[in-house]
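Dear colleague,

Please find the model we spoke about below. My notes come after it.

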Amino acid sequence: MDAVAAVEALLSPEGREDPFPYYAALHAHGPVVDLGGGYTVVVGYDALNRALRNPALREEGPEWVQDRWAEWAGNPSVRLFSQSMLFSGDPGHARVRRLVSRAFTPRRVAALAPAVERLADGLLDRLARLGADGAPVDFMAEFAYALPVAVICELLGVPEQDRLWFRPLVADLAAQLEPVYSKEQLEAADAAALTLLEYFADLAAQRRAEPRDDLVSALVQVRDEDDGRLGDQELLDNLVLLLAAGFETTTNLLGNGLALLLDRPAHLAALRADPSAAPAYVEEFLRYDSPVQLTARWAPEGAVVEGVAVPPGGEVLLLLGAANRDPVRFARPEEFDPERPGNQPLSFGGGPHFCLGAALARLEGGTAFGRLLGRFPRLEAAGVRTRRGRLTLRGYATLPVSVAGTATGTGTAAGDTCRPSVHGG
Ligand code: HEM
């Protein structure tokens, strides 16, 4: 298949449903493919890993927005994302990342382990009650969404009663991260951005007045000897980013992972029998069906990527999901194999923007799968699942399961046998 046709197909509903045949088609053209018209696509594992560290490839931040979409630069959702840490370049990025990292420490993440277990168990109790009579329950709504949102809100210090209304808002906002979106989606993203910014402005003011032991309080107080504290707008933009990055992605890790297991009963049984294998399964879920399939950069002054010239102003699409299926890096890439040696998918990116929440996402994944399978010995698929129809953040909208035949109480034996393990970033 022609490379341009493969990329066009990826952006179509069919490609968003199943991008993997198109990734395979792109691999046949080499690790870096010049699509013409200033567009380059990177699919090779090593090439992509290096591209993430190539200083000539810049984030699609304010400068890019001005260059390409000047008329949209003032839209709240465009402004918010483009000025957040995720899309800013150095020296600003390094400074903000250092300040946020100072509050978002490995110690704070590790200390969340008991809370993640408690929150997971509470949701599993609810799942057990809802499905006790054998009725299908939607794993996405009841667990895959609910756990990451509860965890990130616990970390940030968002009160429990405020957590439910975040879901549609963050879903609306995240549409802005897709390569293609409609005018209506942009309007919804803008409305969501304004609501979330206002919410966090109130919360930050409360925590400034009365600090607690949470990330919002820590970030409000964070100071940098050279530059003064995190600016007000920087604080709010990055709080919204943390909220959005903290659960859309992890929700998809949980949903994509469970779907893979339900389709592979032998693997499901193996993981249930040995919950200590959960971290290795999580890595393979990340590789096989990455919750984030792509990111992008541009080359304002031009660049050379593995010998391929990118013209000044050229766009570079980095297909993380394709790199995770690179046959040069992974033997039998189309096979789900949690025992692959040296499995290091690129799902969390790499280089200066390497995912700040990787350890937290791994903690949540390891805890969730260990406890879920231990708790429900008869967990099964229970109906048709549907995808969300998005490419960048790939996941399910619904994933009906049956949990029938299990006890509805807390404190199961599974909770005692499964120990989550946090990997280093
Ligand atoms: C399975 C779950 C997750 C996946 C697959 C994922 C993936 C990614 C990727 C690919 C990037 C880099 C994007 C780029 O280079 O353009 C990134 C950045 C980031 N992620 Fe995650 N993420 C996950 C969970 C989380 C969580 C739980 C949090 C926060 C609590 C988080 C916070 C962030 C932040 C703040 C950045 C920006 C870092 C920077 O620009 O320096 N992520 N993530």
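This is a predicted model: local features need pLDDT of at least 70, side-chain atom pairs count only at pLDDT 80 or more; totals for chains, interfaces and linings use all residues.

Residues are numbered from 1 along each chain as its sequence is written, and side-chain values use heavy atoms, with hydrogens and water left out.

Iron: the protein gives the iron atom of the ligand a single donor, Cys355 (SG), at 2.3 Å. Donors are N, O and S atoms within 2.8 Å of the metal (3.2 Å for Na, K and Ca); water is not among the atoms, so sites may look incomplete. Cys355 sits in the loop between α18 (320-323) and α19 (358-375). Helices (H or I, at least four residues) and strands (E, at least two) are DSSP runs, numbered from the N terminus.

Shell: the ligand is surrounded by 29 residues, the closest being His93, Arg97, Thr295, His353 and Cys355; a residue counts if one of its heavy atoms lies within 4 Å. α15 (232-262) contributes the most, seven residues.

Polar contacts (pairs of N or O atoms within 3.5 Å): a polar side-chain atom of His353 is 2.6 Å from a ligand oxygen atom. For an N or O atom in the side chain of Arg297, the distance to a ligand oxygen atom is 2.8 Å.

Regards

Notes
A polar contact is a pair of N or O atoms within 3.5 Å; within protein, one must be able to donate a hydrogen and the other to accept it, and residues adjacent in sequence count only if both atoms are side-chain atoms.
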